[in-house]
Amino acid sequence: MLPEEAALTDIASPLHLTPALPRRSSLNVSLVVGILLTSGFLVIALVSLFWLPSNPNIPNIKARMTPPFSPAHWLGTDGLGRDIIAQLMVGARTSILVGAGGASIALFFGLITGLAAAAYGKVADELISRGADIMLSIPGMVTALVLAATLGSGSFTTILALSAFFTPSFTRVIRSAAMSVLQEDFITSARLYGRGKLFILARHVIPNIAGVMIVQFTLYFAAGILTEAGLSYLGVGVTRPSISWGMMLNEAQQTVGISSPLAIWPGLAIVIVVLGLNLLGDGLRDVLDPKLKRRGA
Amino acid sequence: MAIYVLRKLAFFLGAVFVASVAIFLLIRAAGGNVAAILLGKDATAEAINALSHTYGLDRPLPVQYYDWLVKMAQGDLGQSFRTKEMVSELVTERLGVSIPLALSGLLLGILIAIPVGTYAARNVGKLSGAVLALISQIGIAVPVFWAGILLSVLFGVRLGWLPTGGWTDWSQSWVGAIRSLVLPVLSLGLIMAAVLIRYVRSAVLDVMNQDYVRTARAVGMTRTQALLNVGLRNASLPIVTIIGLQVAELIGGTVIIEMVFSLPGLSRMILANVAAREVIVVQSTVMLIIVFVIAVNFLVDLLYGILDPRIRNAT
């Protein structure tokens, strides 16, 4: 599901990047919980680069279907005896690679198109904005199926598909944020001072919409993880030896049936991580824009 | 109003055109030599060329594209290479699964989200409002296929009330068909609701702070009366737009849910035909779905213009 972007568009005044004043005495719960969950997730992925309980891709028939909470395999093993914790840890890495990868590429192209639409006249704006509207009305999941089937599945195709769906949303949010910055007096002064358009965009606009970009990135990082899980569940996303939580759910359903605990852990991992990132995004939105009415959870 | 409709119509046609080019290129350019794949690796070059010629696949791409577009516009979706079945018939068979699933899922989502979102907005700052906001926040993080798996474990495996998957056709038993749709619809609807609740909540919150609601309260309406009489009608505008935008998401959810519950809907047909390189079937079916989504957005735009004169008169 795509994150709420409407509420982001009104963060754009440049004043909002000043550090949050101690305006609200109550603790920003979203932000704190979001930071905790997200950093836990990042640490686990980082640890997986150096240490894993066992190789998550090598079958170990003797240990197959070990139940959860046994000493050698805390969350048990799957139908081929592969350790669940090891698979979940590598899955965290995939989520970051694909989710953050897709969101980063979308941010890059969204920044270029959004700034171009905001700063380079009515024709450019109309072309880019209508193009973004068209792309937004195309159902991503169906196109991703076709894309994966024609280009072959894998992490790279998945990142490509995600960045294609996400770019128009970034374009729209960055465009409207940049437009309101461009109306500020200090932009006029810079222009009168003889600064060129590119200089003004790089020196004045981008730093002032950084908050919007960070929030948008965080929310689409989460959306990317959800979409990747869906594609991998369908078998057209990430493939082994990479491991994805969506893929683990698919394998659990195909091999041991859905009532096994194997169908619980990867789903739980997705929910916790996506929830963490969404809370972080909402929390950051409040901090980066103290004037914004609180709308999210 | 006429100019507004014309602008929206132009956008509709433009979107359909861009989507059709994208789908055509994606499937044709990346799909390799279709005839060679259909014939297998022992096929001679002559056989491949002959087959390409029979299917018209040896013509230049723009000609093939134009041909496909003209036929689509006339209602001819083409036919399968291997089985010679008409795409329109293949699609019609599957719609008996996909349309009830998608529409009931959306309807359930709306029916849950409007009262719950309104309640959450009215109780903002109280415990009940916070709990609802948290539940919706968690619901947004749940992948729709995992919701399907959990519901199917609970109601299918543990309680045994409903089938965990599979399909009984309407013609055999409509009770059976409904029974096989209950869990898929529930999964789709609950996840749609979680997403929609947030929008309903913020739309109602916005409206509650408006002057006209204060005025309504000042002339003696209770909070509930004010909300029902002037509030909900104004809040309905953004909600209608969001529902229109969610249709693309709904299609995505339907695709996955059909796989979770092994329902013989459109998505399974698309996947099978992608694997078999039935390019015409895939191309036409995917295009049909996209035209549907764009058309819904077009209708939502029109509705929005009718509901709100400010929109239709804006330049």
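Start by selecting B:S180; apart from neighbours within four places in sequence, B:S180 is in contact with B:P163, B:G166, B:W167, B:T168 and B:L263. Keep in mind throughout that this is a predicted model. Colour the chain by its helices and you will find B:S180 in helix 8 of chain B. Is B:S180 buried or exposed? With a relative accessible area of 5%, B:S180 is buried, because the limit for that word is under 20%.

Now show the backbone around this residue. A polar atom of the B:S180 side chain lies 2.8 Å from the backbone oxygen of B:G176. Select B:A177 as well: its backbone oxygen is 3.1 Å from a polar atom of the side chain of B:S180.

**Where the two chains meet**

Zoom out and show both chains. How many residues of chain B are in contact with chain A? There are 53 of them, and they touch 47 residues of chain A. Select B:Q137, B:F145 and B:W146 next: in chain B these lose the most area to chain A, together 13% of what that side buries. The size of an interface is often given as the accessible area lost when the parts come together. Here, the area buried between chain B and chain A is about 4400 Å², and carbon and sulfur atoms give 74% of it.

Next, look for charged and polar pairs across the boundary. The count between the two chains is one salt bridge, and four residue pairs are in polar contact, both residues at pLDDT 80 or more. To see which parts of chain B face the partner, select the elements that give two or more residues to the side touching chain A:

- helix 1 (2-30) and helix 6 (127-141) of chain B
- helix 7 (144-158) and helix 8 (174-208) of chain B
- helix 10 (223-260), helix 11 (266-275) and helix 12 (279-307) of chain B

Colour that side of chain B by residue class, and you get 38 nonpolar, nine polar and six charged residues.

Side chains of opposite charge can pair when their charged atoms come close. Select A:D282 and B:R198, which form a salt bridge with their closest N and O atoms 3.4 Å apart.

**Chain A as a whole**

Of the 297 residues in chain A, 57% count as buried. Chain A exposes about 12600 Å², with carbon and sulfur atoms supplying 70% of that area. Among the contacts in chain A with a separation of 6 or more, 75% are between residues 24 or more positions apart.

**Salt bridges inside chain A**

Over all chains, a search of the whole structure finds eleven salt bridges. Select A:R82 and A:E251, one of these pairs, whose closest N and O atoms are 3.6 Å apart. Which parts does the pair tie together? A:R82 lies in the loop between helix 1 (29-50) and helix 2 (84-119) of chain A, while A:E251 lies in helix 8 (residues 245-255) of chain A, so the bridge ties together parts 169 residues apart in sequence. A:R82 counts as buried at 8% relative accessibility, whereas A:E251 counts as partly exposed at 21%.

Move to A:R175 and A:D125, whose side chains meet in a salt bridge at 2.6 Å, N to O. This pair links distant parts of the chain, with A:R175 in helix 5 (residues 155-182) and A:D125 in helix 3 (residues 121-136) of chain A, 50 residues apart. A:R175 counts as partly exposed, at 22% relative accessibility. A:D125, at 12%, counts as buried.

For the last stop, select A:E126, A:R130, A:D133 and A:R172. Salt bridges that share partners join these four residues into one network.

Technical notes:
Residues are numbered from 1 along each chain as its sequence is written. Chains are lettered from A and ligands numbered from 1 in the order in which they are written. Side-chain values use heavy atoms; hydrogens and water are left out. Buried means under 20% relative accessible area, exposed over 50%, partly exposed in between (1.4 Å probe, protein chains only). Contact means heavy atoms within 4.5 Å. Accessible areas come from the Shrake-Rupley method with a 1.4 Å probe; for residues, only the protein chains shown count as cover. Buried area is the accessible area (1.4 Å probe) that two parts lose on being put together, summed over both. A polar contact is a pair of N or O atoms within 3.5 Å; within protein, one must be able to donate a hydrogen and the other to accept it, and residues adjacent in sequence count only if both atoms are side-chain atoms. Helices (H or I, at least four residues) and strands (E, at least two) are DSSP runs, numbered from the N terminus. Ala, Val, Leu, Ile, Met, Phe, Trp, Tyr, Cys and Pro count as nonpolar, Asp, Glu, Lys and Arg as charged, and the others, Gly among them, as polar.
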